[in-house]
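Here is a short report on a structure. The sequence and coordinates come first, then notes by chain.

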Amino acid sequence: MSILLNKDTTFIVQGITGREAINLTRECLDYGSKIVGGVTPGRKGREVHGVPVFDTVAQAVENHGGQIDGSVVTVPPGFTKDAVIEAIANGIKLLVIVTERIPRGDVAEMVEFADMHDARIIGPNCLGLIVPDVCKMGGIGGPARDAAKSYEPGAVGVMSRSGGMTTEISSSLTAAGLGVSTAVSIGGDAIIGSTYAELMPYFEADEQTRAIVIYTEPGGRMEAQLAEWKKEHDSRLPIVAFMAGKFMDDEEMQGMSFGHAGTIVEGKEDSANEKIKRLEEAGITVVERIDEIPDAVKERIEA
Amino acid sequence: MSAPKSLESVFIDVRIAEPAASDVELAKTLEEVCPVSIFKATDSGSEIVSGQLDECVLCNLCIEAAPDGAVTIVKKYEQ
Amino acid sequence: MRFYEYEARKIVELAGIPVTKYGFCQTADEARKVAEDIGGPTVIKSQVLTGGRMKAGGVQFADTPEEAAEHAADILELEINGLEPVGVLVDPKAEIKQEYYAGVVWDGTAKKPLMLFSDMGGIDIEQVAEEHPEHVGRGHISNLLPVGDFEAKQVIAATGVTGSRLNRATPVLAKLARLFRDNDMLLAEINPLAELTDGTFVALDAHMEMEDEAVGRQKKLLRKDLGIAEDDTRDNYVPSRFEKNVKAIDAADHRGVIQGKDHGFSGNLGLVIGAGGGSLTLTDAVRSQGGKPANYSEIGGNPSVAKACGLAKEVLQKDGVEKIAVMMSIVSNTRVDIVARGVIKACLELEKDPAETIAIFRIPGAWEDEGAKILDHYGVEYCDRTVSLWDAAGRAVAKIQGASA
């Protein structure tokens with residue numbers, strides 16, 4: 001089992017003729033994902049690695065002859081909102097937004113529209129999600145051969161605000177023999193489609209998942225939200241968290257952002273140390289060192 | 001600060017054998033296929049832009065575009 | 001992007017919210033003229049992008065135009081928190097009946113803007129929320145639907161405000177919410193929002209911040225209405241030479257992204273690291289193990305050899321840097337061999353021995369076998385994914401401490 005994706009999941013790539021999109025299309029196809037079309041306005045009739053390109057999402061849906069499950073959106077920031085709403089308006093329920101630097105008003109608009117249509121957005125500013133050996137949607141893990149090295153099927157659900165760290169952590173879980181059920185790069189922006197707490201019910205319902213690992217950073221209230229969720233729900237899943245960017249708590253770093261746009265600390269609650277405290281109070285194990293994650297997970301699963 | 005020296009081709013060398021090197025048509029093809037602009041087409045054939053050599057991404061598109069054995073890529077770090 | 005008070009007031013005014021008859025002045029003479037026009041007691045306020053103006057003496061009261069000119073002359077010379085003012089704002093001293101707070105901020109959890117209102121204005125809203133929660137009204141607005149006046153009214157009424165005051169404050173908050181959304185603001189505050197003795201409401205001070213990502217599409221407001229120059233980015237601090245140089249190297253070539261910061265760093269271990277999350281993790285790991293980073297950096301998106309080389313050279317040329325640690329979380333797009341070429345070339349061009357200068361090279365992932373071959377040729381040990389980010393950082397720290405001991 002897995003969350004959000006399975007072996008039959010079909011998706012399109014919006015902005016498929018861009019340089020990065022061509023790469024991720026190749027990677028996903030090699031991994032076994034079912035890409036049923038691509039959209040770049042004005043490029044109808046072309047093919048990208050054998051995937052037909054259309055001018056509109058509606059054409060892609062018509063060509064497929066039925067509902068398409070998802071879309072990977074890789075269009076420039078000024079066009080993303082329209083592309084996402086186009087996809088949702090055409091019945092697509094799972095959106096992975098790769099694009100960076102989208103103003104948060106646009107993100108909030110997309111999320112509200114998605115909520116009204118029972119659709120789910122992952123990202124923006126993310127690498128997508130992967131179910132080991134089954135399907136990958138987005139650039140996560142890189143080329144199929146590299147992704148296979150880092151991701152083996154297993155017991156741990158991974159959620160991370162950093163795309164690269166999703167793979168780094170998953171690789172250590174794979175090396176430790178724990179493996180990964182589903183890994184989600186949730187995105188590095190201040191406002192994202194799916195937060196840790198919003199994805200928890202999916203993992204909760206997935207029998208294969210026996211523990212959760214989150215990678216987190218300063219900025220925002222996403223961790224407080226997870227802590228609250230954990231307290232309110234009698235979850236069967238132990239959670240292990242790693243907090244990066246503790247150096248940002250230093251006085252001379254105030255008001256600066258590092259790594260991702262979302263790391264800007266806007267209030268005292270957003271700082272690394274405050275977040276660690278809050279997570280621990282909710283019974284979440286926060287490891288000091290990145291290499292302690294696999295052992296902490298084993299301990300929590302066996303307890 | 002004094003400008004530090006700038007080195008050309010520390011890692012990669014590209015060689016074109018004759019007569020391919022003087023082939024004006026091939027020169028244009030090589031210039032087009034190389035993603036990092038190592039080849040420059042001139043009236044007398046291909047020229048190597050030495051400042052770009054280290055940017056070679058080992059894609060082999062130049063080798064495939066030229067007659068067998070005409071273009072060789074030398075990895076200096078393997079010698 | 002942050003705004004000076006006189007700009008924030010202009011933004012409020014453009015949205016149809018009443019303001020006092022204020023004037024922005026850059027000389028004492030101008031201040032005198034504005035005070036004459038106002039024709040009564042005035043307030044002279046420093047226009048500077050930092051808090052604590054009142055405490056620092058950047059806000060003064062004047063009874064006559066001459067006094068206003070004198071205060072303006074003083075304030076124009078007064079540095080506050082190391083910043084020089086760009087001018088002064090001359091404002092009529094208002095006859096205030098009561099002060100209120102009106103604000104709009106982002107609520108990241110609800111993913112919607114949040115309206116805030118309090119009948120206890122003039123002080124920090126966070127303090128009011130903590131000490132007098134019943135005096136703070138809150139309400140989210142939709143990102144899709146138009147903002148209704150009734151939504152603002154509900155928020156204000158929740159604080160107990162009623163009668164004509166409620167009806168007069170309502171359009172102010174509603175307009176503030178609309179301008180927040182229309183102008184891609186991160187923060188829009190009127191504090192205090194004053195009810196004058198004649199019963200009218202005016203914005204006495206305003207605080208605005210626009211999201212940097214939206215600056216490109218807010219040209220009309222920024223360039224035309226406010227006259228802010230394109231290169232006036234209002235950074236929090238003046239970038240260092242290192243930061244400027246790295247930015248220039250990054251801008252010169254579209255392949256990949258490099259970033260470098262050294263604000264707040266002064267150690268001897270140069271960091272050539274990536275990507276976003278990896279850099280945060282590695283910087284912590286170096287510091288936790290007693291290392292002193294000379295900088296922060298990020299490599300991502302598969303940069304060219306020249307770009308990787310440029311970053312490494314800038315790091316190596318920083319004062320006090322003896323060695324560099326080249327480390328990244330597992331890469332899938334950026335290539336190990338390209339980064340290896342870049343950092344080795346940086347050493348060679350600076351006439352340093354790569355084997356001595358590169359304290360560690362830990363980048364697993366795409367093209368790692370090729371990268372290992374290059375490093376081996378120059379005597380640099382290659383570390384793959386079996387060496388954790390923590391251990392890689394630890395090894396780099398041990399090497400540099402061994403070297404300087």
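## Chain B

In what order do the elements of chain B run from the N terminus on? The order is β-α-β-β-α-β. Chain B has two helices and four strands. Helices (H or I, at least four residues) and strands (E, at least two) are DSSP runs, numbered from the N terminus.

The C-alpha atoms of chain B fill a box of roughly 45 × 30 × 20 Å along the principal axes. Of its 79 residues, 25% count as buried (20 or more other C-beta atoms within 10 Å of the residue's own, with C-beta atoms placed from the backbone). Take the contacts in chain B between residues at least 6 apart in sequence: 57% join residues at least 24 apart. Contact means C-beta atoms, placed from the backbone, within 7 Å.

## Model and numbering

This is a predicted model; local features need pLDDT of at least 70, side-chain atom pairs count only at pLDDT 80 or more, and totals for chains, interfaces and linings use all residues. Residues are numbered from 1 along each chain as its sequence is written, while chains are lettered from A and ligands numbered from 1 in the order in which they are written.

## Helix packing in chain A

Helix H3 (residues 77-89) and helix H4 (residues 104-116) of chain A pack at an angle of about 5 degrees. Their axes lie 10 Å apart. Axes are lines fitted to C-alpha atoms over the stretch in contact, and angles run from 0 to 180 degrees between N-to-C directions. H3(A) and H4(A) are therefore roughly parallel (angles under 35 degrees).

## Domains of chain C

The domain assignment of chain C, automatic or from a database, gives domain 1 (21-92), domain 2 (96-225) and domain 3 (241-404). The C-alpha centres of domain 1 and domain 2 of chain C are 26 Å apart.

Definitions and conventions
Angles under 35 degrees count as roughly parallel, over 145 as roughly antiparallel, 65 to 115 as roughly perpendicular and the rest as oblique. A residue is buried if 20 or more other C-beta atoms lie within 10 Å of its own, exposed if 12 or fewer, and partly exposed in between; C-beta atoms are placed from the backbone. Two residues are in contact if their C-beta atoms, placed from the backbone, lie within 7 Å.
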